[in-house]
Amino acid sequence: MIDPVQELKKHASDVVPLPTAVPGNTPIYQTASATGHRALWVVFVIMLLASLAFYIMAFRVPVQKRLFHILTAFITTFATLSYYAMAVGDGIGKNKITIKHTQKHFPDTYDVIYREVYWARYVDWSVTTPLLLLDLCFLAGVNGASILVAIVADVIMILTGLFAAFTVEESPKWGWYAMACLAYLVVIYQVAFNGRQTAKQKDNKTATFYASIGGFTLILWTLYPIIWGIADGSRNINVDSEIIAYAVLDILAKVVFGFWLLFTHDSMANTASIDGFWSNGLGKEGTLRIGDDDEGA
């Protein structure tokens, strides 16, 4: 006679145990901690002090020679506003990512991740990177057509990066990322090839300086998409590490770049001097006259 209890014991090991807890029920929030917030405040102060220094340097030279000073001061001014917005909790959104886990013996489960996206950073970059390109292009003497192409490609690069940061599905996200990288290649071409070829037509000191500061800028800019790929892209680093990485790059690409550009440019004998409207405004010949009577009327 078969004992049913003994039979159940024999086949007990063949039964897959039911999970005591179902994964994916609790959302995962990837947000900045106190360390990240402190880093934002530190960079805000650095950008503010750098902006004040650049404006003081601008007022110490004639208005005809302030072009690079004004552009550089504007770069850190917009960065100051951006970092203040992020430090006080503004300019931040959350991207919802759903990750599906396929189970062999059970229904599929899902992890829901809410990761902070600092969209104020992209607003900053969409303004400051074109200004920085203007600094480089004016230094080299690049023509207007090439400047326009570089700036449009740069804006496309920033906007597609923003779209990628808020995209939920993985495939479209990396599609936006690929578009951003293609746009960046256009920027590299304009700065590294057109800019350098144009700068070579100037004196040796300007050409050497442009090659140095242009190469410095492109190396830093190349690190930005790498950080994006391991932060917003694949989420392999936490938000604090993302903030600190971008903070270091921003200080180098804006503050260090600015001081290097202005101190070196001011020491050159053939610094750019702009007259006309930049220095004198609209003269009598350029003013609009409304309501004048025709001569001989």
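Which residues in α4 meet which residues in α8? The exercises below work up to this and other points. The structure is a predicted model.

**Exercise 1. List the residues that join α4 and α8, then describe how the two helices are arranged.**

Solution. 
- Step 1. On the α4 side, the residues are R121, D124, W125, T128, L132, D135, L136 and L139.
- Step 2. On the α8 side, they meet E242, I243, Y246, D250, A253, K254, F257, L261 and H265.
- Step 3. The axes of α4 and helix α8 (residues 239-267) come within 12 Å and cross at roughly 25°. Angles under 35 degrees count as roughly parallel, so α4 is roughly parallel to α8.
- Step 4. The crossing of α4 with α8 is left-handed.

**Exercise 2. State the secondary structure of the protein and the order of its elements.**

Solution. 
- Step 1. The protein has nine helices and three strands.
- Step 2. Read from the N terminus, the order is α-β-α-α-β-β-α-α-α-α-α-α.

**Exercise 3. Describe the protein as a whole by burial, contacts and surface.**

Solution. 
- Step 1. The protein has 297 residues, and 41% of them are buried.
- Step 2. Take the contacts between residues at least 6 apart in sequence: 77% of these join residues at least 24 apart.
- Step 3. The accessible surface is about 16500 Å², and carbon and sulfur atoms account for 66% of this area.

**Exercise 4. Decide whether α3 and α4 are roughly parallel or roughly antiparallel.**

Solution. 
- Step 1. Two packed helices are described by the angle between their axes and the distance between the axes.
- Step 2. Helix α3 (residues 67-87) packs against helix α4 (residues 119-140) at an angle of about 165°, and their axes are 9 Å apart. Angles over 145 degrees count as roughly antiparallel, so α3 is roughly antiparallel to α4.
- Step 3. The two helices cross in a left-handed sense.
- Step 4. Residues of α3 in this packing include L67, F68, L71, F74 and F78. In α4, those that take part include A120, R121, D124, V127 and F138.

**Exercise 5. Carry out the analysis for α4 and α6.**

Solution. 
- Step 1. The angle between α4 and helix α6 (residues 170-199) is about 25°, with 8 Å between the axes. Therefore α4 is roughly parallel to α6.
- Step 2. From α4, the residues L133, L136 and A140 meet V187, V191, G195, T198 and A199 of α6.

**Exercise 6. Describe the surroundings of K173 and D232.**

Solution. 
- Step 1. K173 lies in helix α6, and D232 is in helix α7 (residues 204-233).
- Step 2. A residue is buried if its relative accessible area is under 20%. K173 has 0% relative accessibility, so K173 counts as buried. D232 has a relative accessible area of 5%, so D232 is buried too.
- Step 3. With neighbours within four places in sequence left aside, K173 is in contact with A164, T167, W228, D232, G233 and R235. With residues up to four places away in sequence not counted, D232 touches R115, E116, V117, Y122, A165, K173 and E242.
- Step 4. The side chain of K173 reaches the backbone oxygen of D232 at 3.5 Å. The side chain of D232 makes a polar contact with the side chain of Y122 (3.4 Å).
- Step 5. R235, one of the contacts of K173, is in the loop between α7 and α8. R235 has a phi near 60°, which is a positive value in a residue other than glycine. With 17% relative accessibility, R235 counts as buried.

Notes:
Residues numbered from 1 in each chain as written. Predicted model: local features only at pLDDT ≥ 70, side-chain atom pairs only at ≥ 80, totals over all residues. Heavy atoms only, no water. Helix = DSSP H or I, 4+ residues; strand = E, 2+ residues; numbered from the N terminus. Buried < 20%, exposed > 50% of the residue type's maximum accessible area, 1.4 Å probe, protein only. Contact = heavy atoms within 4.5 Å. Areas by Shrake-Rupley, 256 points an atom, 1.4 Å probe, with all protein chains shown as cover. Polar contact = N/O pair within 3.5 Å; in protein donor to acceptor, adjacent residues only side chain to side chain. Axes fitted to C-alpha atoms, helices over the stretch in contact; angles between N-to-C directions. Parallel < 35°, antiparallel > 145°, perpendicular 65-115°, else oblique. Left-handed = near helix turned anticlockwise from the far one by under 90°.
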